[in-house]
Amino acid sequence: MTDPMIKPRDDGGSGRGAPPPTDPPPSAPNRGGPNRLATAIALWFGTGLLRPAPGTWGSLAATVMGMGLLTLGPWFLAGGAVLATGVGIWAAARYQATTGRHDASEVVVDEVAGQWIALCALPLAGLGLSVEGAAAAFVLFRLFDIAKPGPIGWADRRLAGGLGVMLDDVLAGIAAGAILWALATWTGLGDLATGG
């Protein structure tokens, strides 16, 4: 008599037992839905695939987009920088989990967030929408992002995950913005840019 609590073996009449399960292993990446969105954001909609120097391309795209946001008002740019930072932490972490690579060169959402933070200094420094101010913010951010002095380098070396990808660029953006503001204030560049 068969015990009703034991599931009968389904061997398809072959006597060899059921075939092994075909489900993917738990470590296999899920390439649908959220991962596609995370990849698009992490690579900033393909900008990170440009060569050479994808970080520079990401910063350049961010500068153009950031100046567009600044035409709407300083708070739009500041809000965009905060949003890019928060979403970038998530997207970079998802991309890393999918590819197994930390801070891959094609991930440029960190450059976008950092560059927007640097551009936030333009209205504070009296540089407004000047091309000279945007160029200075771009150059200063790239210098800090590449050289990674002090706490910027520490964040790059020590922190893992999405936060580790983003924080060094956020700090580079803050440093670039602070230097830009100080230079414009001390030299009177802000007055010159606005015709004052």
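User: What do the buried residues of α6 pack against?

Analyst: In this predicted model, they pack against α2 (54-72), α4 (109-119), α5 (121-124), α7 (150-158) and α8 (161-187). Among the buried residues of α6 are Phe 138, Leu 140, Phe 141 and Phe 144. Arg 142 and Asp 145 are buried too.

User: How does the reach of α6 compare with what is expected?

Analyst: Helix α6 covers residues 131-147, 17 residues in total. From first C-alpha to last, α6 reaches 24 Å, close to the 24 Å expected at 1.5 Å a residue. Lys 148 follows α6, with a positive phi near 50°.

User: How many aromatic pairs does a search of the whole structure find?

Analyst: Two.

User: Why is the pair of Trp 44 and Trp 116 called edge-to-face rather than stacked?

Analyst: The ring centres are 6.0 Å apart, and the limit for a pair is 6.5 Å. The planes stand at 85°, and edge-to-face needs over 60 degrees. So the pair is edge-to-face. This pair links distant parts of the chain, 72 residues apart: Trp 44 is in the loop between α1 (33-42) and α2, Trp 116 in helix α4. Both are buried. With Phe 45, they form one aromatic cluster.

User: What makes Trp 90 count as buried, exposed or partly exposed?

Analyst: Its relative accessibility is 32%. Buried means under 20%, exposed over 50%. The value falls in between, so Trp 90 counts as partly exposed. Trp 90 sits in helix α3.

User: Which residues make the nonpolar surface patch?

Analyst: Leu 37, Leu 83, Val 87 and Trp 90 make this patch of about 350 Å². Helix α3 (residues 74-99) gives the most, with three residues.

Note on methods: Residues numbered from 1 in each chain as written. Predicted model: local features only at pLDDT ≥ 70, side-chain atom pairs only at ≥ 80, totals over all residues. Heavy atoms only, no water. Helix = DSSP H or I, 4+ residues; strand = E, 2+ residues; numbered from the N terminus. Expected span 1.5 Å × (residues − 1). Buried < 20%, exposed > 50% of the residue type's maximum accessible area, 1.4 Å probe, protein only. Contact = heavy atoms within 4.5 Å. Phe/Tyr/Trp six-rings, centres within 6.5 Å; stacked < 30°, edge-to-face > 60°. Patch = residues over 30% accessible without salt bridge, like charges linked within 9 Å, V, L, I, M, F, W, Y side chains within 5 Å. Areas by Shrake-Rupley, 256 points an atom, 1.4 Å probe, with all protein chains shown as cover. Salt bridge = Lys/Arg side-chain N within 4 Å of Asp/Glu carboxyl O.
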